[in-house]
Amino acid sequence: MTSLPASMTAIAIREPGGPDVLVPEARPVPQPGPGEVLIRVAAAGVNRPDVLQRMGFYPPPPGASDLPGLEVAGTVVAVGPGGDPELSGQAVCALVAGGGYAEYCLAPVGSCLPVPAGFSMAEAAALPETVFTVWHNLFERAYVREGETVLIHGGTSGIGTTAIGLCKLFGIRTIVTCGSGDKCAAATALGADLAVDYSGQDYVEAVKAFTGGKGVNVVLDMVGGDYVPRNLECLADDGRHVTIAFQRGAKVEIDISQVMRRRLTLTGSTLRARSAEFKALLADEIHRTLWPRLSNGGWKPAMDRSFPLAEASAAHARMQAGAHVGKIVLTIAD
Ligand SMILES: NC(=O)c1ccc[n+]([C@@H]2O[C@H](COP(=O)([O-])OP(=O)(O)OC[C@H]3O[C@@H](n4cnc5c(N)ncnc54)[C@H](OP(=O)(O)O)[C@@H]3O)[C@@H](O)[C@H]2O)c1
């Protein structure tokens, strides 16, 4: 195995604040422990939770790196004690609980997946966070199935674009909401069956019209607040409502009799703090079920823009400006 440097460049959060608090720093290259591998990072995905962490609203869970970055793609360069030496040299993408904005990153072996055939490192780095989140929430918690219809808010977000893609792969219809006509056009081009511009149209009425008054089977909600009672109006009988964020507030007022009369299910989850064992089970299911379809050219993530690692602050500024469509990625020159 090639020898590793003692230190690396990473992007640290100097203090809570705006994009310019992201600063390059020299850090020791971490050593993998049992059950871990060290990845030489080629690309790292940028996600909204990284922005929240930078602002001081989303601290890393206990034991996680203080560096931002929840997903990477690269080459395994070291394997922890007792690990499979065959992993060394493999091209992987990985879900990590932090530390992705760096030249080297530790990952639990169970959270690594092979880079799908035909994917660039940047495309592979754009997969783990949104694929794991969408897979668990839509397919496992809301048990959506072929022939059903899902309402997805934030249709052009990283999460939204992945949800459109995965639903299309599995024969599920999608209605999305977006904040502009341009974003609606982008979401439709990515495969959404209907895109509703919420700045000028009532999405509840649009959903009712599109579904012939029946409603959708599932809502994937990242908005919360006053959206939740309106989302429940969109649900068909036996519908499932999944909360993954609450950008318009955590407190909601709903008519609970709806839940009884129409047998609705309210659920939700957050991925980062889940155990390594849970993430390994999820990775295994995704590998068996989704990966064969990706390698056959079935779906690739919608890529917005790539920035060099040193320009992480510009990547965050772009995400915060909100004009992006799909995934923003940091790349590291070899
Ligand atoms: N629970 C979990 O495990 C988990 C994991 C990953 C991400 N998340 C959450 O999922 C969300 C999306 O993450 P991402 O990385 O994909 O972020 P992103 O690409 O920055 O997307 C954020 C989206 O939120 C929409 N939005 C913002 N404010 C809104 C409002 N007031 N009303 C309606 N829509 C609004 C924006 O759409 P418009 O510009 O069209 O309004 C945008 O598409 C974030 O809230 C993130 O924290 C949760």
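Where is the place of Ser-157?

Modeller: First, a word on the model. This is a predicted model, where local features need pLDDT of at least 70 and side-chain atom pairs count only at pLDDT 80 or more, while totals for chains, interfaces and linings use all residues. Residues are numbered from 1 along each chain as its sequence is written, and side-chain values use heavy atoms, with hydrogens and water left out.

Ser-157 sits in the loop between S8 and H4. Helices (H or I, at least four residues) and strands (E, at least two) are DSSP runs, numbered from the N terminus. With 18% relative accessibility, Ser-157 counts as buried. Here buried means under 20% relative accessible area, exposed means over 50%, and partly exposed lies in between, with a 1.4 Å probe and protein chains only. From Ser-157 to Gly-297 there are 140 residues in sequence and 22 Å in space, C-alpha to C-alpha.

The loop also holds His-153, between strand S8 (149-152) and H4. His-153 is buried, at a relative accessible area of 0%. Its side chain makes a polar contact of 2.8 Å with the side chain of Thr-177. A polar contact is a pair of N or O atoms within 3.5 Å; within protein, one must be able to donate a hydrogen and the other to accept it, and residues adjacent in sequence count only if both atoms are side-chain atoms.

Next comes the ligand. A backbone N or O atom of Ile-159 is 2.8 Å from an oxygen atom of the ligand. For Leu-271, too, a backbone N or O atom lies 2.8 Å from a ligand oxygen atom. Ser-269 has a polar backbone atom 2.9 Å from a nitrogen atom of the ligand. The protein covers 88% of the 910 Å² of accessible area that the ligand has on its own. Such areas come from the Shrake-Rupley method with a 1.4 Å probe, and for residues only the protein chains shown count as cover.

The space that the ligand takes is the largest pocket. Helix H1 (48-55), helix H3 (128-141) and helix H4 (158-169) are the elements that give two or more residues to the shell around the ligand. A pocket is found on a 1 Å grid over the protein atoms alone: it is an open set of points with protein on both sides within 12 Å along at least five of seven lines. A molecule sits in a pocket if more than half of its atoms lie within 2 Å of its grid points. Of the 25 residues around the ligand, those that come nearest are Arg-48, Gly-179, Lys-183, Tyr-198 and His-324. A residue is near a molecule if one of its heavy atoms lies within 4 Å of it.

Now for charged pairs elsewhere in the chain. The structure has 12 salt bridges, each being a side-chain nitrogen of Lys or Arg within 4 Å of a carboxyl oxygen of Asp or Glu. In one of them, Asp-202 pairs with Arg-230, with the closest N and O atoms 3.2 Å apart. Asp-202 is in the loop between strand S10 (194-197) and helix H6 (203-210) and Arg-230 is in helix H7 (residues 227-234), so this pair ties together parts that are 28 residues apart in sequence. Asp-202 is partly exposed, at a relative accessible area of 31%, and Arg-230 is partly exposed at 26%.

Another salt bridge joins Arg-248 to Asp-226, whose closest N and O atoms are 3.0 Å apart. Arg-248 lies in the loop between strand S12 (235-243) and helix H8 (256-261) and Asp-226 in the loop between strand S11 (216-221) and H7, so the pair ties together parts that are 22 residues apart in sequence. Arg-248 is partly exposed at 45%, and Asp-226 is partly exposed at 42%. Salt bridges that share partners also join Glu-25, Arg-27 and Asp-66 into one network.

Last, there is the backbone. Most residues other than glycine have a negative phi. Asp-238, found in strand S12, has a positive phi near 65°. Its relative accessible area of 38% makes Asp-238 partly exposed. Arg-263 is not a glycine either, and its phi is positive, at about 55°. Arg-263 lies in the loop between H8 and strand S13 (265-268) and is partly exposed, at 46% relative accessible area.

Note on methods
1 Å grid on protein atoms, 1.4 Å probe; cavity = no way out; pocket = protein on both sides within 12 Å on 5 of 7 lines; lining within 4 Å.
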